[in-house]
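Let's take a walk through this protein together. Have the sequence and the 3D view open side by side as you read.

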Amino acid sequence: MDCLLPQFLNARLADGSLVDFAVAAGRFSAIVPAVASSAPPPGAIDLAGRLVLPAFVEGHIHLDTSFYGDAWRPHIPCTNGFDVRERVAFQMRNLEQAAPMEERARNQLELCIGNGSLAMRSHLMVDAAVGLTHVETILGVREKYREIIDIQLVAFPQSGILSSPGTAELLDEALKLGCELIGGLDPASFDGDVKGHLDVVFGLAEKRGVGVDIHLHDGGTLGLFEIEEIAARTKALGMGGKVAISHAYALGDISADALARAGDRLAAAGVAIMTNAPGNHPFPPVAALREAGVTVFAGSDNIRDSWWPYGDGDMLNRANMIGYRSGFYEDSELEAACDVVSHAGAKALGLEGYGIAVGAKADFVTLRAEHVPEAVVAVPKPRTVYRAGKAIAKDGAMVG
Ligand SMILES: [Zn+2]
């Protein structure tokens, strides 16, 4: 087939223009202004003005610990306010009674794919109790879905590093097995040793040439201190673009001056910030950080697990939540919310060939909306998801 012959007609781009486009070898090979034609090419798909968005980027999820599709697990509250250590203990108890991990992971993956995410970063628990079992299981699941979704895996020390003897060695093993990133968890409040924790994380990153993505729930000046330590190490090691801090709640509860300084340091070091705009927590100010030049991306984080009962695997809905909690009303702000779950996510994950452009991978979602701002506020559910130009999911269900 002529690779320039449009197979997709009347697609609406983010700028509102109507185009026809062609896909060859899995990539956009031509994008041209739509032409009214009484005789469309045989086999062409008329998108009838549907908006075409690049497939969403699920930047932070836990494929190993969700109960999505399994029995409902009522949320257990912490005894005395939010306590990461207590939540980890609840999680261990719940996981012992859960359906097989592969089944739960597949449920969650297909939920995300059905909603239009075709790139994902999943953290996987590594500690002395579970060893490498979660990593091994999800590596197997990733292999089965490799033609459909690109998945990065983070070796995540859910039980700390220094406070869980043997974990550093297991993390190293997990990287050897195929995890692309090393994780971390509240170096101060969980492990009680910021330097010791970060020495292991950045030491392994340097040794194995992998990226870093650290869970940081610590708030206020303590959290800010850790954020600045991470930025300083990233800069010193020349790891800009390969390091992310997930949650970084501290950025949401410090003064404007402190935030401006932190934003400048994060931008200069090339450290990205992941937020899921969670419940009643302070969270990083998305607009101010973007303004400072920081890459802000998003993820569902937990979906129906021991941490909270929420999550629907829909990154367009996540953009809506981020916009809502950020007080985004103007079109440019709503477009920024969409950028967080798409282009900014692609940048944070270092994805090649992302977007709707000639030469980019033809991974896209079609839905009914006049433009991006309307898509963010309306979150239309009827969608078709295309991988390499081929429909793989429709209205939430896998096809083909
Ligand atoms: Zn997480």
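Predicted model: local features only at pLDDT ≥ 70, side-chain atom pairs only at ≥ 80, totals over all residues.

The chain splits into two domains. Domain 1 is made from two stretches, 8-54 and 353-398, while domain 2 runs over 56-349. If you take the C-alpha centres of the two domains, they sit 30 Å apart.

So how much area do domain 1 and domain 2 bury between them? The size of an interface is often quoted as the accessible area that is lost when the parts come together. Here that comes to about 2100 Å², with 66% of it on carbon and sulfur atoms. On the domain 1 side, Y354, V376 and R387 lose the most area to domain 2, and together they make up 30% of what that side buries. Counted by contacts, 24 residues of domain 1 touch 26 residues of domain 2.

Between the two domains you'll find three salt bridges and eleven residue pairs in polar contact, both partners being at pLDDT 80 or more. Which elements of domain 1 give two or more residues to the side that touches domain 2? They are β5 (51-54), β14 (364-367), α12 (372-378), β15 (383-387) and β16 (390-394). Of these, α12 gives the most, with five residues.

R318 is buried, yet it has no salt bridge. What does R318 touch, leaving aside its neighbours within four places in sequence? Its contacts are N276, A298, G299, S300 and G311.

Last stop: helix α4, residues 167-177. Its buried residues are T167, L170, L171, D172, A174 and L175. An α-helix has 3.6 residues a turn, so residues three or four places apart point the same way. Among the elements covering the buried residues of α4 are α3 (133-144), β8 (150-156), β9 (181-185) and α5 (194-208). Just past the end of α4, G178 takes a positive phi of about 140°.

Key: Residues numbered from 1 in each chain as written. Heavy atoms only, no water. Buried < 20%, exposed > 50% of the residue type's maximum accessible area, 1.4 Å probe, protein only. Lys, Arg positive; Asp, Glu negative; His and termini not counted. Salt bridge = Lys/Arg side-chain N within 4 Å of Asp/Glu carboxyl O. Contact = heavy atoms within 4.5 Å. Domains from an automatic or database assignment. Buried area = accessible area lost by both parts, 1.4 Å probe. Polar contact = N/O pair within 3.5 Å; in protein donor to acceptor, adjacent residues only side chain to side chain. Helix = DSSP H or I, 4+ residues; strand = E, 2+ residues; numbered from the N terminus.
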